[in-house]
Amino acid sequence: MDLAEAQEFLDQFYAETSPTTRFDHRLWQIRHEIETTGSYTHTADELTFGARVAWRNSARCIGRLYWNSLRVRDRRDVTKPADVAAQCVEHLHEATRGGRIRSTITVFAPDRPDGPGPRIHNDQLVRYAGHRLPSGEVRGDGRYADFTDRAVALGWQRPEPPGRFDVLPLVISDGDAEPEIFDLPADAVLEVPLSHPDHEWLADLRLRWHAVPAISNMPLDIGGVTYPAAPFNGWYLGTEIGARNLVDSDRYNLLPVIAERLGLDTSSERTLWRDRALVEMVRAVQHSFDVAGVTMADHHSESRRFLTHLAREESAGRRCPADWSWIVPPVSGGLTPVYHRYYDEPDPATRPAFLQP
C-alpha cells in the first residue's frame with residue numbers, strides 16, 4: 001500500500017467536503033494503520049465520496065450529471081459468496097423500486113494484504129444466456145454463450161427448452177477460490193415486454209429486456225484500496241438496448257427480422273434498410289419503457305445533460321475526461337450536441353476510478 005495514494009485521495013476528500021476530523025489527525029490514523037496492517041479502512045463518508053467521484057471520473061459514461069446522488073450501500077463486512085449474492089438481490093430490489101430506477105452501488109469487502117476480496121464474475125448482475133444449439137446457432141444473447149457454458153460447467157441447469165431471455169445465474173467467488181453459482185429470484189429482475197407505438201406485430205416477436213443495468217465486474221479503486229466487487233447501476237439509455245444489445249450481430253441480430261416485418265428492401269445497403277429498422281427498434285424500446293413506467297433516458301436529452309455536467313465540472317476547475325466513441329450515441333450521433341466537439345483525453349491514472357476487469 002502506497003501512502004502517497006491514500007494522501008492524494010485524502011487531499012481531494014478534504015478539499016471537496018467538510019469532515020469533522022482534522023486532516024492531520026486523519027492522515028496520522030491512515031499512516032499508522034498502513035504501517036501496522038499493510039492497508040487502511042475508509043470511513044463511511046470517505047467511501048461514499050470515493051464511489052461518487054469514481055462515477056464522475058468515468059470517461060465512458062454520458063450520465064455523469066447525477067454523480068453526486070449515487071446511493072452507496074456499504075457492505076464491506078460481506079465476503080462469503082452466498083452473502084454477496086443475497087446482497088446483490090437486495091441491490092436490485094432497492095435500485096429498481098418498481099421502475100423508478102435509483103443510481104446505486106453496493107461495495108463489498110476490499111482486497112487486503114492477507115487475502116483478496118470477493119469477486120463477481122458476471123459483467124452485469126442481470127444478463128441473458130446464450131444457448132449453443134446442435135445446429136451451431138446460439139439461442140439467446142450470443143455474446144454470453146461462453147459465459148453460459150461456464151455456468152453450466154459449474155452446475156447451472158439450463159431451462160428446458162432453452163429460451164431467448166433466460167436470466168443467467170450470478171457467478172461469485174471468495175477471492176481466488178472456485179466460483180459458486182446463485183440463481184436470481186424472479187422478483188429481483190424487472191423486465192419490460194417490448195411493443196411499438198405504430199406496429200402491433202412487434203409485440204408478437206415476444207421481445208423483452210431487463211430494467212436495471214448493474215455493472216458488476218469493474219473493481220473500484222479509492223485511495224489505493226481496491227474493492228473488487230462493487231456492482232453499480234444508473235439507468236438505461238434507449239439506444240443501449242435498441243441500437244446495440246438487440247441488434248448487434250453477435251447479440252440478438254434483430255435488424256433483418258425488423259426490416260422484413262417493415263417490408264423494407266434489403267437487397268442493397270443503399271436502401272438504408274438498416275438505418276430505418278434501427279430507428280424503429282429504438283422507438284419500440286423507448287415506447288415500451290415509457291408505457292411500463294420504467295426510468296429510461298433518450299440520447300438527445302442525455303446528450304444535452306452531459307454538456308451541462310461538462311460545464312459544471314469546468315466551472316469547478318476540474319477536467320472532465322470523455323471517451324468520444326462512448327459518449328456519442330450509436331443512433332443519430334450528428335444530431336446530438338456531444339458529437340460536435342472534442343473532450344479531455346481519459347487518463348488511466350485518474351483516481352478514484354472504476355477499473356477495467
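Student: How many disulfides does the structure hold?

Tutor: Happy to look at that with you, keeping in mind that this is a predicted model. A disulfide needs two cysteine sulfur atoms within 2.5 Å. The sulfur of Cys88 lies 20 Å from the closest cysteine sulfur, in Cys61, so that pair is too far apart for a bond. For Cys320 the closest cysteine sulfur is again in Cys61, at 10 Å, which is also too far, and the count of disulfides in the structure is zero.

Student: Is Cys88 buried or exposed?

Tutor: The cut-off for buried is under 20% relative accessible area. Cys88 has a relative accessible area of 1%, so Cys88 is buried.

Student: Which residue of β2 is the bridge partner of Arg71?

Tutor: Let's start with the strands: β1 (residues 71-74) and β2 run parallel, joined by four bridges. Between them the chain passes through helix α4 (residues 81-96), in a right-handed β-α-β crossover. Within β2, Arg71 has as its bridge partner Thr104.

Student: And which residue of β13 is the bridge partner of Thr104?

Tutor: Good follow-up! Strand β13 (residues 232-233) pairs with β2 over two bridges, in the antiparallel sense. In β13, the partner of Thr104 is Asn233.

Student: Which residues of β2 point the other way from Thr104 and Thr106?

Tutor: In a regular strand, side chains alternate between the two faces of the sheet. Strand β2 covers residues 104-107, all of them buried. Thr104 and Thr106 point one way, and pointing the other way are Ile105 and Val107.

Key
Residues numbered from 1 in each chain as written. Predicted model: local features only at pLDDT ≥ 70, side-chain atom pairs only at ≥ 80, totals over all residues. Heavy atoms only, no water. Buried < 20%, exposed > 50% of the residue type's maximum accessible area, 1.4 Å probe, protein only. Pairing = 2+ DSSP bridges. Right-handed = clockwise from strand over helix to strand, strands pointing away.
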